[in-house]
Amino acid sequence: MAAALSPKDVARLMAEPSPDVRAELAGKVAAGLSANSLTPGEVKLAQEIVRIMARDVEEAVRASLSRGLRHSPNLPRDIARKLADDVEFVALPLLADSVVLTDEDLIEIVRLGSSLKQQAVASRSNLTEAVTDALVTHGEEPAVVVLMANQTASIAEDTLHRAMTRFAGSNNVKQAMVLRQMLPLSVAERMVTMVSKALQSHLVKAHDLAPATAANIVLMSREHAIIRLSVGASDEELRHMIAQMHRNGRLTPSVMLRALCTGDIAFFEAALAVRSDVSVDNAQILIHDPSRRGLAAIYKRAGMPEALFATVRAAVDVVDETRFDGGERDLERFRVRVISRVLTLVEMVDAADADYLLEKLGDVLVHAPAGVGGRPLARVLACPVITP
């Protein structure tokens, strides 16, 4: 096709009355312009033909052009914009793939275009944060669902939060967000909360539960999920998530105790640091002060309940007594030790927390292959305190 491009093609284009033939020729010209074998002169000629065809009255001709040029780097930007601003039948292929459309072009199309055009933009590979921000700000729900499902799109943390706020009632948007391969911890923590509220509504309506009962069930599952999110997080990510929980009133003594007892020491340390407004490094020094005066001081500064201090101290004692050896199931052995010690102080622990810890202890023991720390399961169960 490249060698056949000539002034004769222009003459045939102008003289041919059949829309089908013009559409066929448009496809050939587009394919030629997309090839890498054209000379500079042939590229210029093909571009002139494209300019003529982009004004054709027949949608089929313009659509053939758009499909053929969707991947072409030789398409002039002004023609790309003309085709992108055309009716959806013409514009959608180009909007989904054209490499010559700039971020400014895409943002304007998102602001002014139809829902289908927004969805085409949202499906593009490697979208920048500027374009994804425009989609979340101006896009309709279907476009935002497509965007969240687009794993190559770069979406800023603030933009994700705005999406949750703007589409708080959209299960489709939230589901697509949950399925993203990467989510900032602050977003994941907030998403857990939103999903929990939906679960609460379902429990109340479907099972005729009292709202207070449903709220308690949701709180337990939510806190467990939030603790799991912190595992493997960097110090900065963890502190950011915990600070957000604190601002939103969700950094409760309950979730902190559960984190401590299940081995997430980093969460507990960062949580006390945030609640007491000290650095994590200083919090760690105070928490693990052998005299426990430092723990008492930062605990009080953090506004934690006095009645729970003995329980927290017992858990910290086990933390400081325990040295992980890197052996098989050492985390499970640690959990048995700390939970067993804490349960000896059960009168100081809230009933819901005690139930949670008993359940967690049962889970650990059930999955232990033959025992924990060399002890048979029967002896572990019979003895509430496992000494070092």
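**Figure 1. Surroundings of Met-177 in the predicted model.** Leaving aside residues up to four places away in sequence, Met-177 touches Met-148, Leu-160, Ala-163, Met-164, Leu-183, Val-187 and Met-191, where contact means heavy atoms within 4.5 Å. This is a predicted model, in which local features need pLDDT of at least 70 and side-chain atom pairs count only at pLDDT 80 or more, whereas totals for chains, interfaces and linings use all residues. Residues are numbered from 1 along each chain as its sequence is written, and side-chain values use heavy atoms, with hydrogens and water left out.

**Figure 2. The nonpolar cores.** A nonpolar core is a set of buried Ala, Val, Leu, Ile, Met, Phe, Trp, Tyr and Cys residues joined through side-chain atoms within 4.5 Å; buried means under 20% relative accessible area, exposed over 50%, and partly exposed in between, with a 1.4 Å probe and protein chains only. Of the 55 residues in the largest nonpolar core, Leu-135, Met-148 and Met-177 touch the most other members. Helix H2 (residues 19-34) gives this core its largest share, six residues, helices (H or I, at least four residues) and strands (E, at least two) being DSSP runs numbered from the N terminus. A second, separate core has 43 residues, including Leu-238, Val-278, Tyr-299 and Phe-334.

**Figure 3. The aromatic pair of Tyr-299 and Phe-309.** Rings of Phe, Tyr and Trp (its six-membered ring) pair if their centres lie within 6.5 Å, and planes under 30 degrees apart count as stacked, over 60 as edge-to-face and the rest as tilted. By this rule the count comes to one aromatic pair. The ring centres of Tyr-299 and Phe-309 are 5.1 Å apart and their planes stand at 70 degrees, so the pair is edge-to-face. Because Tyr-299 lies in helix H19 (residues 293-301) and Phe-309 in helix H20 (residues 309-321), the pair ties together parts that are ten residues apart in sequence. Tyr-299 counts as buried at 3% relative accessibility, and Phe-309 counts as buried at 19%.

**Figure 4. The two sides of helix H3.** Helix H3 (residues 40-53) has 14 residues and reaches 20 Å from its first C-alpha to its last, close to the 20 Å expected at 1.5 Å a residue, the expected span being 1.5 Å times one less than the number of residues. Glu-42, Val-43, Ala-46, Gln-47, Ile-49, Val-50 and Met-53 are buried in H3. Seen down the axis of H3, its buried residues fall within an arc of 160 degrees, so they line one face of the helix; the arc is that of the directions from the helix axis to the C-beta atoms. The face of H3 turned away from its buried side carries the exposed residues Pro-40, Gly-41 and Lys-44.
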